[in-house]
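Here is a short briefing on one protein chain. Please look over the sequence and the structure before reading on.

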Amino acid sequence: ISLVPPPPDATHQLRFGMLDVPGQIRLFAQPLPPWTLLGTLPDHELERLIRAGAHIEVVFDGLQMIVDWPGDTLRDFFLFDVLMHEVGHHIVQQYTGKRRGRVMRTKDHEAFAEQFARRCREEYARS
């Protein structure tokens, strides 16, 4: 697991992390909040950030968004929605025997990673 600068293609989109098969998770460094983003995010990204505790304000008739992370919400977002999500992808790849090849449909891969991250968050909340 490594913390690295965001990739060059991330200038107009949010990129938080990725799994490089086999077995390397890259977490992309982010600026300190609040973040000022150009334009608006797709609805599924907005819902994901709001669900994680982000406060989002749309300004200048939708030309910019301000994303702020109160308290420990950004830390928890990275721990569960980014790191544990990527660990979920790793689990799928690790135990299939086809470590570099596509082992399931993207939709199913994402669903497993999301479910794994959600279970980790729930387990953490119980402790």
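What share of the 127 residues of the protein counts as buried? The figure is 35%. The model is predicted.

**Overall layout**

- The protein has three helices and six strands.
- Along the sequence, these elements follow the pattern β-β-β-β-α-β-β-α-α.
- The C-alpha trace spans about 50 × 40 × 25 Å along its principal axes.
- Among contacts with a separation of 6 or more, 55% join residues 24 or more positions apart.

**Surface and charge**

- The accessible surface of the protein is about 8,200 Å². Carbon and sulfur atoms account for 56% of that surface.
- The protein has 15 positive and 17 negative charges.

**Helix 1 (43-51)**

- Four residues of helix 1 are buried: Glu-45, Leu-46, Arg-48 and Leu-49. Seen down the helix axis, they fall within an arc of 160°, so they line one face of helix 1.
- Cover for these buried residues includes strand 5, strand 6 (64-68) and helix 2.
- The other side of helix 1 carries the exposed residues Asp-43, His-44, Ile-50 and Arg-51.
- Gly-53 follows helix 1 and has a positive phi, near 110°.

**Ala-52, in a loop**

- Ala-52 sits in the loop between helix 1 (43-51) and strand 5 (55-59).
- Is Ala-52 buried or exposed? Ala-52 has a relative accessible area of 8%, so it counts as buried, the cut-off being under 20%.
- Beyond its neighbours within four places in sequence, Ala-52 is in contact with Trp-69, Thr-73, Phe-77, Asp-81 and Arg-121.
- Ala-52 and Phe-16 are 36 residues apart in sequence. Their C-alpha atoms are 14 Å apart in space.

**Helix 3 (106-126)**

- Helix 3 has 21 residues. From first C-alpha to last it reaches 30 Å, close to the 30 Å expected at 1.5 Å a residue.
- Which residues of helix 3 are buried? They are His-109, Ala-113, Phe-116, Ala-117 and Cys-120. Viewed down the axis of helix 3, the buried residues lie within an arc of 95°, so they line one face.
- An α-helix has 3.6 residues a turn, so residues three or four places apart point the same way.
- Helix 2 (73-94) is part of what covers the buried residues of helix 3.
- Lys-107, Ala-125 and Arg-126 are exposed on the face of helix 3 turned away from its buried side.

**His-85, in helix 2**

- His-85 is found in helix 2. The relative accessibility of His-85 is 5%, so this residue counts as buried.
- What does His-85 contact, leaving aside its neighbours within four places in sequence? The partners are Phe-80, Glu-110, Ala-113, Glu-114 and Ala-117.
- Among those partners of His-85 are Ala-113 and Ala-117, which are also buried residues of helix 3.
- His-85 and Gln-30 are 55 residues apart along the chain. Their C-alpha atoms are separated by 17 Å.

**To take away**

- In helix 3 the corresponding arc is 95°.

Note on methods: Residues numbered from 1 in each chain as written. Predicted model: local features only at pLDDT ≥ 70, side-chain atom pairs only at ≥ 80, totals over all residues. Heavy atoms only, no water. Helix = DSSP H or I, 4+ residues; strand = E, 2+ residues; numbered from the N terminus. Expected span 1.5 Å × (residues − 1). Buried < 20%, exposed > 50% of the residue type's maximum accessible area, 1.4 Å probe, protein only. Arc of directions from axis to C-beta. Contact = heavy atoms within 4.5 Å. Areas by Shrake-Rupley, 256 points an atom, 1.4 Å probe, with all protein chains shown as cover. Lys, Arg positive; Asp, Glu negative; His and termini not counted. Charge placed at Lys NZ, Arg CZ, Asp CG, Glu CD.
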